[in-house]
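Keep the structure open as you read.

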Amino acid sequence: MSKSPIAKVLGGPTGHFPVEAEIVGYLANTWSVPTLLVAFAAGWVVILGATNLLVKRHNPTLGSGDKAAILWFVLSTLRESEPSLSRPKLIQDFLQLELYIYSLKALVSLGQIYGDILYYATSMFDHYYKGITYCRPEAYYFWGYYFFMNFIWIVIPGYLLYSSIKASGRAFQALDKQSKSAQGDGHVKKKN
């Protein structure tokens with residue numbers, strides 16, 4: 001097998017880090033970077049476009065923030081797992097859980113934040129204490145891919161977690177206000 005241009009420069013058989021890693025069944029990429037980026041972007045446009053149409057058809061009055069959150073969760077779900085024939089059913093079920101949407105958003109967002117922090121922590125631990133680096137040595141790769149592309153999964157879920165907590169707080173305040181007005185002076189009367 002001939003080495004890729006990156007592997008020739010870096011000396012590893014695959015061009016991946018750590019250099020000594022053996023990847024069973026590795027096939028070198030034959031597509032150019034622009035071709036890969038266009039294919040990747042086109043795939044996401046199709047997937048997120050279809051999801052957006054499904055969301056609009058199922059619930060046309062859904063706010064843009066909630067639509068963006070659904071698209072975010074679809075993107076996150078597909079990034080982490082293989083495509084499945086049950087995806088449209090999953091999205092439809094998610095839309096029917098409007099009663100629980102804030103709790104669900106908070107739970108999933110917290111899981112995404114936890115996973116990202118865990119990824120950063122284990123990578124940094126291996127780097128500083130074991131001397132194993134999983135990242136290419138170029139600074140733009142470290143800051144562009146490793147830091148920024150993963151940091152997105154802290155910022156957006158962080159915002160969704162914050163908005164879910166605020167919305168839940170408003171719901172509890174409204175419930176408390178409704179409960180107090182139903183009781184008259186806000187006190188529960190003892191039974192004789």
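Helices (H or I, at least four residues) and strands (E, at least two) are DSSP runs, numbered from the N terminus. Counted that way, the protein chain has 6 helices and 0 strands, and its pattern along the sequence reads α-α-α-α-α-α.

Please keep in mind that this is a predicted model, in which local features need pLDDT of at least 70 and side-chain atom pairs count only at pLDDT 80 or more, while totals for chains, interfaces and linings use all residues. Residues are numbered from 1 along each chain as its sequence is written, and side-chain values use heavy atoms, with hydrogens and water left out.

The predictor's confidence in each residue, from 0 to 100, is called pLDDT. Its mean over the protein chain is 76, and 72% of the residues reach 70 or more. Over residues 1-11 the pLDDT is below 50, and this stretch has 16 contacts in the model beyond near neighbours in sequence; a contact means heavy atoms within 4.5 Å. Residues 82-86 also stay under 50, and there the model has 1 contact beyond four places in sequence. Where pLDDT is low, the predicted coordinates should not be read in detail.

**The chain as a whole**

A residue is called buried under 20% relative accessible area, exposed over 50%, and partly exposed in between (1.4 Å probe, protein chains only). Of the 192 residues of the protein chain, 25% count as buried. The chain exposes about 14,100 Å², with carbon and sulfur atoms supplying 67% of it; such areas come from the Shrake-Rupley method with a 1.4 Å probe, and for residues only the protein chains shown count as cover. Among contacts with a separation of 6 or more, 62% are between residues 24 or more positions apart.

**The nonpolar core**

A nonpolar core is a set of buried Ala, Val, Leu, Ile, Met, Phe, Trp, Tyr and Cys residues joined through side-chain atoms within 4.5 Å. The largest one here has 12 residues, including W44, V55, F73, W153 and L160. Helices α2 (33-58), α3 (64-80) and α6 (139-182) each supply at least two of its residues, and α3 gives the largest share, 7 residues. A69, another core member, is in contact with K105 and L160 once its neighbours within four places in sequence are left aside.

**Two helices side by side**

The table sets out the spans from first to last C-alpha; the expected span is 1.5 Å times one less than the number of residues.

| Helix | Length | Span | Expected span |
|---|---|---|---|
| α2 | 26 residues | 37 Å | 38 Å |
| α5 | 30 residues | 42 Å | 44 Å |

The buried residues of α2 are W44, T51 and V55. In α5, the buried residues include I101, K105, S109, D116 and Y120. I117, also found in α5, is partly exposed because its relative accessible area is 46%. Its C-alpha atom is separated by 9.4 Å from that of W153, 36 residues apart along the chain. Just after α5, G131 takes a positive phi of about 75°.

**Two serines to look at**

A polar contact is a pair of N or O atoms within 3.5 Å; within protein, one must be able to donate a hydrogen and the other to accept it, and residues adjacent in sequence count only if both atoms are side-chain atoms. S32 sits in the loop between α1 (5-10) and α2, and its side chain makes a polar contact of 2.8 Å with that of T35. S32 is partly exposed, with a relative accessible area of 36%.

A polar atom of the S163 side chain lies 3.1 Å from the backbone oxygen of L160.
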